[in-house]
Amino acid sequence: MLDNTLLEAQKNQNIAILPEEKAFHQTALTKFMQIMRWQEGQSVKSWVENLLGQLVPFVKGLQGTLYNADNQAETISLVGAFAIDDSQQLQTTYQYGEGLVGQVAMNKETLFLQNQDRFASISATQKIRLKAIFIQPLVYNDKLIGVIEVIFPQAPAERYTQFLQTISESIANTLHTLSKEIALAESLYKIKASEERLKRLSEVTTEGIAFLDKKNTIAEYNEAFSKIFSYKNEDFFGKKINYFFRISDETLQNTALPMEVEVLLENQETQYLEVESRPMPQHPVFSQIISIRDISNRKNTENRLQSTQKQLAEAQKIVELSDIIRKKNKNITASIQYAKRIQDALLPEKENFSKLFPKSFIFFRPRDIVSGDFYWFDEIEIPYKKQPLTVIACVDCTGHGVPGAIMSMAGSIFLKQIILMQEKISPNEILEELHISIVKALKQQETHNRDGMDITICVVDRDENILHFAGAKNPVWIVRDNKIIEIEGNNVPVGGYLNKNEKRRSFTKKQIPFTEHDTFYLSTDGYQDQFGGEDGRKFMKSRFKELLSKISSLPFAEQAQQLTYEFESWQNKEKQTDDVLVMGWRV
């Protein structure tokens, strides 16, 4: 099997391997076939970095990079690297034909340069002159999968360059298969989970529910839907919803309020329905969900009341409507309570914040059942750091109650994707990616919707004792030597369409050295905007800063108690103005 692999590689790469080199290639191929096996749960980036970590030293190289190809966009993007110094600031994306790696991607031919007058850092104080650069296209079935580049401190032996050419097709094959399998698995999991959740919800309601596909034809429906129309099951699939009643596709897509329609059944009886359409722009399969309620009894009662004009019938109608409203209000409240459980599940446990920072607190008080404010934190392992980085977010979404909660849940999910999946750890980059996600999700450039978030992102580096900070309209406060210092962020929110003079929404990162005596605070505007006091005025930012400075020397549990006491004392009989979130910690 190994001999066949070797012979096939020779044939494809036009490599003449001498007999005395054959044993070396056989041993090397056997070793790297084991290394290139994918482990369950392993990401493409992890697989690439593990391969480079083994391959580059094996061929006596100094540094290595591997790029993944997008043949449709004609670009290659950096997937992983080995022994690259931070100061080198690698370009992560190349167009075909751009630079050396871009030329190799375009021509799909090996490039080997020797005696290059270049330097590479190997430590903070030492540099080494490079002697050779070897760039190999990764081609599988005549299709470019990627490009691998290895830099040598000395001219490499011919056996190593030959081996890199020999193994390139196996790398391309594995990278191609791995990328497809992971992408397919993630896509199938999301589709299946989404469909199962929607089906379960549809089966527990008495309303008729139908899910429309991207062509606006019926793809799924519940039992209540079929009972309303009294059709056979096979009569529904593949038909448009307006086959059963006269509503245009445009009306369904653009109408948010319930619509009443009149339907003539097969038995020639007239039936009155209440139809509500909700778009599902983010779902991979469904485009809309249609809910239908049979309101025939109610409509017939209304018609009789209009003809008789009897006061008693009118009063009875009021009672019936009141009962409907009461039930609907009860259902709405129950739904909001359920939404709160979902929102609470998305929030990190407060106890975990205390584990990350034993000296800390989180003061969180939603105005309604659910909140437009939320907090997020996690630890991120970095290979070159002794201690993990800690990312902290304090977020104030547009609105409060249910609209704010929907934004907060979306924001929490986007933060996880950006930080944990896209592996963005610089606070300004996190805010920029979050802005792009919100604009795309809400289609804000087309609709001019301005909903968004005021947010503070802090990244705590315990190795360097540095806090990296970026803010969207919100600051970070530091109490140092009994004085409070305010570090401001950018005066623009995350989300909302770009202004005329704004080509790209960008944020500034600030680095703040700290000691073990410094206390950090993050807050939304809910505390300082609360009305109360003797004159019913706002608490105000200046009074809030004085309060933080005053309580900073107390144990953190007492700080939280003091914040609660001051807030309730100031609020007195006033209603809570907004959601409130304050976070404090000391490293």
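Does T217 count as buried or exposed, and at what relative accessibility? I looked this up: T217 counts as buried because its relative accessibility is 14% (buried is under 20% relative accessible area, exposed over 50%, partly exposed in between, with a 1.4 Å probe and protein chains only).

I noted the basis. The model is predicted, local features need pLDDT of at least 70, side-chain atom pairs count only at pLDDT 80 or more, and totals for chains, interfaces and linings use all residues. Residues are numbered from 1 along each chain as its sequence is written, and side-chain values use heavy atoms, with hydrogens and water left out.

**T217.** I find T217 in the loop between strand 7 (208-213) and strand 8 (218-221); strands are DSSP runs of E, at least two residues, and helices runs of H or I, at least four, numbered from the N terminus. Leaving out residues up to four places away in sequence, T217 touches F211, L212, G238, K239 and K240 (contact is heavy atoms within 4.5 Å).

**Helix 11.** I checked the length of helix 11: its 21 residues should span 30 Å at 1.5 Å a residue, and its end C-alpha atoms are 29 Å apart, which agrees (the expected span is 1.5 Å times one less than the number of residues). I list among its buried residues G401, G404, A405 and S408. E423 follows helix 11 and has a positive phi, near 60 degrees.

**Helix 11 with helix 12.** I see helix 11 (residues 401-421) pack on helix 12 (residues 427-442) at about 130 degrees, axes 10 Å apart (axes are lines fitted to C-alpha atoms over the stretch in contact, and angles run from 0 to 180 degrees between N-to-C directions). The contact includes M407, G411 and F414 of helix 11 and I430, E433 and L434 of helix 12.
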